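Please keep the viewer open while reading.

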Amino acid sequence: MAPISRSRRKPAARKSAPRRPAVRKPKPGKGMGAGARGAGRDLLARLAKGPVVCAEGYVFELERRGYLQAGAFVPEVLFDHPEVVEQLHMDFVHAGSDVTQALTYYVHREKLRVIGREKDLVPMNRAALRIARSVARRSGTLFAGDLCNTNIFDPSDKSAVKEVEAIFAEQAGWAVEAGVDYFVAETFAWGQEALLALAAIKRCSKVPAVITIGMHREDVTREGWTPAEACVRLEAAGADVVGLNCHRGPATMMPLLRSIRAAVRCHVAALPVPYRTTPTQPSFMSLTDPCCGNERAFPVGLDPFVCTRAEIADFGREAFAAGIRYLGVCCGAGPHHIRALAESLGRHPPASRYSADMSKHAYFGTDKQIRKIQTDYRSRA
Ligand SMILES: [Zn+2]
């Protein structure tokens with residue numbers, strides 16, 4: 001029988017959801033990557049129905065594409081090439097992200113001061129929010145605002161704490177003006193700084209807040225709290241979702257996530273970096289490699305450590321089975337990782353139309369049209 005006839009028979013016999021045609025012009029409410037349909041723009045309603053996939057790590061992907069400088073990691077690309085940012089948002093949605101998160105990571109006063117662009121603070125935040133909102137509303141994905149580590153937090157310095165509060169207040173305000181569906185506040189090495197971000201969000205908005213800590217090499221935050229302890233404090237302060245993002249790969253984040261899941265009642269978030277971290281080098285900043293003279297591979301020598309899609313899919317299944325519903329991948333993630341994560345949760349985003357089918361491969365294919373001269377050569381290919 002010709003292969004095409006076989007493939008036509010297949011859908012009736014398959015248990016999984018039938019393949020949907022690719023959505024070219026998604027209408028509001030019918031998200032390209034929306035998993036929990038009918039829950040609208042309410043994050044908590046979507047989480048009540050099932051997992052929510054959130055692509056993060058934009059700055060690393062833009063760095064790889066040649067539009068952002070490693071080191072400073074400030075997304076000046078928002079001004080230089082806004083179309084690239086928009087396309088990246090769309091690529092992640094196409095791959096299965098349920099969220100379009102505004103690229104305001106490191107677009108705060110302190111970071112812009114470091115690169116001498118403080119005067120661009122307001123228009124750069126507004127550009128990030130405008131681009132993300134546009135993609136979110138076109139695709140039916142959730143529109144998230146973003147606050148992050150300021151790098152100046154010092155619990156012993158009252159004026160520094162005041163500066164941090166001012167940074168969070170102004171960025172949260174612009175996000176509220178833009179109409180975000182919820183907030184992400186992320187990558188905090190200090191639990192106390194995360195609490196300040198949450199307080200700033202609560203002061204100006206009633207939308208849900210997802211607060212995630214970034215754990216470095218030690219299994220405690222910089223003030224010495226365990227991740228579970230930090231998350232209990234965040235939940236008590238009103239966070240809707242708590243958890244971890246960045247720094248740790250799946251292998252070294254997972255044990256900490258289990259301790260958090262056991263300690264809190266609210267939803268838990270897990271967004272590891274897609275790198276093969278180990279017990280002795282548990283964060284991506286601690287990884288060393290011969291390609292870098294056995295020194296630190298972060299940030300541009302990390303390629304040998306990149307997780308495969310199967311490893312990210314394993315992480316997705318393991319985390320979901322552990323009761324974690326807000327799932328994503330942080331710095332280093334490409335759209336292929338997000339697709340693997342979405343598929344591990346039973347999703348079929350538009351990009352899955354092109355997921356691998358080795359039956360058609362020139363040497364390894366099983367399709368009857370692949371000639372014997374090719375399949376015979378398989379072991380030598
Ligand atoms: Zn990250």
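T187 is buried, because 24 other C-beta atoms lie within 10 Å. The cut-offs are these: buried takes 20 or more other C-beta atoms within 10 Å of a residue's own, exposed takes 12 or fewer, and partly exposed is in between, with C-beta atoms placed from the backbone. T187 sits in strand 4. Its phi is positive, about 65°, although T187 is not a glycine.

The model is predicted: local features need pLDDT of at least 70, side-chain atom pairs count only at pLDDT 80 or more, and totals for chains, interfaces and linings use all residues. Residue numbers start from 1 along each chain as its sequence is written.

**Backbone exceptions**

Most residues other than glycine have a negative phi, and most peptide bonds are trans. C246 lies in the loop between strand 6 and helix 11 (250-263). It counts as buried because it has 28 C-beta neighbours inside 10 Å. Where is the cis peptide bond? It runs from F298 to P299, with omega near -5°. P299 is in the loop between strand 9 (295-296) and helix 12 (309-321).

**Overall build**

The protein has 14 helices and 10 strands. Both are DSSP runs numbered from the N terminus: helices are H or I of at least four residues, strands are E of at least two. The radius of gyration is 21 Å, close to the 21 Å that the globule rule gives for 381 residues, so the protein is as compact as a globular protein of that length. That radius is taken over C-alpha atoms, and the rule is 2.2 Å times the number of residues to the power 0.38. Along the principal axes, the C-alpha atoms fill a box of roughly 75 × 50 × 45 Å. Buried residues make up 46% of the 381 residues.

Contacts reach across the sequence. Of those with a separation of 6 or more, 74% join residues 24 or more positions apart. Two residues are in contact if their C-beta atoms, placed from the backbone, lie within 7 Å.

Eight strands form an open sheet in the order 1-10-7-6-5-4-3-2, with parallel pairing. Strands pair if DSSP finds at least two bridges between them. Strand 1 and strand 2 (99-101) are the edge strands, each pairing on one side only. From one strand to the next, the twist averages 25°.

Helix 9 (residues 191-204) packs on the sheet and touches strand 3 (142-148), strand 4 (182-188) and strand 5 (209-213). The direction of helix 9 makes about 165° with that of strand 4. Axes are lines fitted to C-alpha atoms, for helices over the stretch in contact, and angles run from 0 to 180 degrees between N-to-C directions.

Strand 1 (residues 52-55) pairs with strand 10 (residues 326-329) in the parallel sense over four bridges. V52 stands opposite Y326 there. In strand 1, V52 and C54 point one way, V53 and A55 the other, and all are buried. Strand 6 (residues 241-245) and strand 7 (residues 267-271) are also parallel, over five bridges. G243 faces A269 across that pair.

**Helix packing**

Two packed helices are described by the angle between their axes and the distance between the axes. Helix 7 (residues 121-139) takes part in both pairs below.

| Helix pair | Axis distance | Angle |
|---|---|---|
| Helix 5 and helix 7 | within 10 Å | roughly 35° |
| Helix 7 and helix 8 | 10 Å | about 35° |

The crossing of helix 5 and helix 7 is right-handed. A crossing is right-handed if the near helix is turned clockwise from the far one by less than a right angle, and left-handed if anticlockwise. Residues of helix 5 at this contact include P82, V85 and M90, and those of helix 7 include A127, I131 and V135. The contact residues divide into eight nonpolar, two polar and one charged. Ala, Val, Leu, Ile, Met, Phe, Trp, Tyr, Cys and Pro count as nonpolar, Asp, Glu, Lys and Arg as charged, and the others, Gly among them, as polar.

Helix 7 passes helix 8 in a right-handed crossing. N125, R126, L129 and R133 of helix 7 meet Q171, W174, A175 and A178 of helix 8. Here the division is four nonpolar, two polar and two charged.

**A loop residue**

F364 belongs to the loop between helix 13 (335-344) and helix 14 (372-375). Leaving aside neighbours within four places in sequence, F364 is in contact with M358 and R378. F364 and R378 are 14 residues apart in sequence and 6.3 Å apart in space, C-alpha to C-alpha.
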